[in-house]
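The sequence and the structure come next.

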Amino acid sequence: MHFNIKVLTLILFLFFSKPIFSQVKINNNFRSPIGIPIALSGNFGELRSNHFHTGIDIKTNGTINYKVYSIESGYVSRINISHWGYGKAIYIDHPNGYTSVYAHLDHFPEKIEKIIRKEQYNLKTETLTYYLDSLAIKVEKGEVIAYSGNTGGSSGPHLHFEIRETISEHPVNPQLFNFDISDNKSPVIEKLKLYVFDNKDFSPNFKEKYFNLIRKENQFFLKYDSVISLKKGFFGFGLKAFDNYDNSNNKCGIYSIEMLVDGQLKYELFFDEIDFETNREINIHKDFKAYQNKREKTHKLFIHPKNDLQIYNRELGNGLLCFKDTLQHKIKILVKDLNKNSSELNFYVQNELPKSCDNYLGNSKPFINKFYSLDSQMVITIDSNSLFDNVVIEPVIKETFILLKTKLSQLNLILFWQLN
Ligand SMILES: [Zn+2]
């Protein structure tokens with residue numbers, strides 16, 4: 001038995017604020033957290049499942065127990081021992097207002113291990129999050145504070161390293177500091193995606209299409225035609241792109257994306273800072289379906305009304321486009337890393353027929369949280385704020401459930417469903 005349920009909307013409070021940094025290197029005197037040249041297998045802002053990566057992943061030659069150094073003097077403010085997530089991790093607060101975080105560690109020097117053992121004994125637990133005051137463990141710049149490892153949710157030995165603004169706990173892009181990370185390669189733009197909407201309301205019935213690209217050095221073009229012909233009014237773009245560093249082959253994330261329409265900046269994304277509170281909204285920033293189905297990491301170059309991530313230049317609007325005329329309009333998409341390398345994609349868009357761009361329907365439909373099956377035998381309830389976007393849900397009742405159906409039909413309960 002199948003039935004479709006359509007149109008779920010939810011209302012979130014939107015909070016927009018201006019970014020703090022944007023490509024300005026931050027004055028500091030940090031040293032490297034490791035004694036070998038920094039080679040990255042992951043960088044800041046990379047699209048992961050359910051989060052933007054909040055640090056850099058430093059390669060450790062496939063082994064563990066490299067010495068990990070405090071990047072600056074300070075004190076140990078937190079130690080985390082866990083079987084998942086950051087694994088064994090240490091946080092150092094520095095006098096300049098930043099906290100450095102070192103994760104997936106193997107073990108700590110005896111001076112620190114002793115304090116951990118005491119706390120584990122006191123709490124009668126192996127795993128803990130231990131907050132320490134500024135007098136408990138002071139450290140010097142360059143002091144060994146740990147040994148690298150592969151603990152927690154790590155899929156191979158490496159050092160996950162973060163810098164956070166101490167007061168807000170917001171992770172800041174470590175490449176805004178003066179670490180020596182060699183990168184002379186410009187970002188690679190792999191695919192362009194076009195999303196066509198019925199209206200400004202980001203209706204769930206949008207159409208999408210991929211465009212393959214060709215490359216000449218750091219210039220990218222559409223493979224088959226330089227003009228995209230448009231049948232409907234409202235549209236937006238998605239971009240699959242990555243960046244490489246000089247001393248590793250891993251596909252890392254890009255730093256920024258800018259979209260110019262007829263020479264005017266219409267969208268800007270950059271990874272200076274991430275807020276843990278909104279980090280899960282990556283699922284409305286990236287093309288979620290493409291990620292779930294093919295692990296494709298596609299940045300959407302338009303901002304959904306329910307998206308309150310602070311990684312965009314919000315003054316430019318939401319990135320959704322619409323032209324009334326049938327002229328060719330030039331689109332330039334610039335992709336940059338933090339080492340002054342950039343790539344660009346140039347093409348044109350053109351309406352087949354003149355369009356209206358004012359069919360604005362509003363985006364504040366009430367959130368409907370009760371849905372009945374076609375035979376009214378079942379009701380499904382969903383908490384508000386459970387979903388980011390309009391979505392078509394197709395619950396599938398499993399055989400085991402059919403046997404129980406009559407008994408449970410009165411309950412406001414969802415038992416089994418699958419999202420298509
Ligand atoms: Zn990491």
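## An open helix

Helix α1 lies largely in the open, because the number of buried residues among its 14 is one; a residue is buried if 20 or more other C-beta atoms lie within 10 Å of its own, exposed if 12 or fewer, and partly exposed in between, with C-beta atoms placed from the backbone. The model is predicted, and local features need pLDDT of at least 70, side-chain atom pairs count only at pLDDT 80 or more, and totals for chains, interfaces and linings use all residues. Residues are numbered from 1 along each chain as its sequence is written.

Spanning residues 110-123, α1 reaches 20 Å from its first C-alpha to its last, close to the 20 Å expected at 1.5 Å a residue, where the expected span is 1.5 Å times one less than the number of residues. After α1 comes K124, whose phi is positive, near 55 degrees.

## An enclosed strand

Strand β16 (residues 234-242) is largely enclosed by the rest of the structure, because eight of its nine residues are buried. Strands pair if DSSP finds at least two bridges between them. β16 pairs in the antiparallel sense with strand β12 (residues 188-197) over nine bridges, and F242 in β16 is the bridge partner of V188. β16 also pairs in the antiparallel sense with strand β19 (residues 298-300), over three bridges, with T298 in β19 as the bridge partner of K240.

## The whole protein

The protein has four helices and 23 strands, which are DSSP runs numbered from the N terminus (helices H or I, at least four residues; strands E, at least two). Buried residues make up 34% of its 420 residues.
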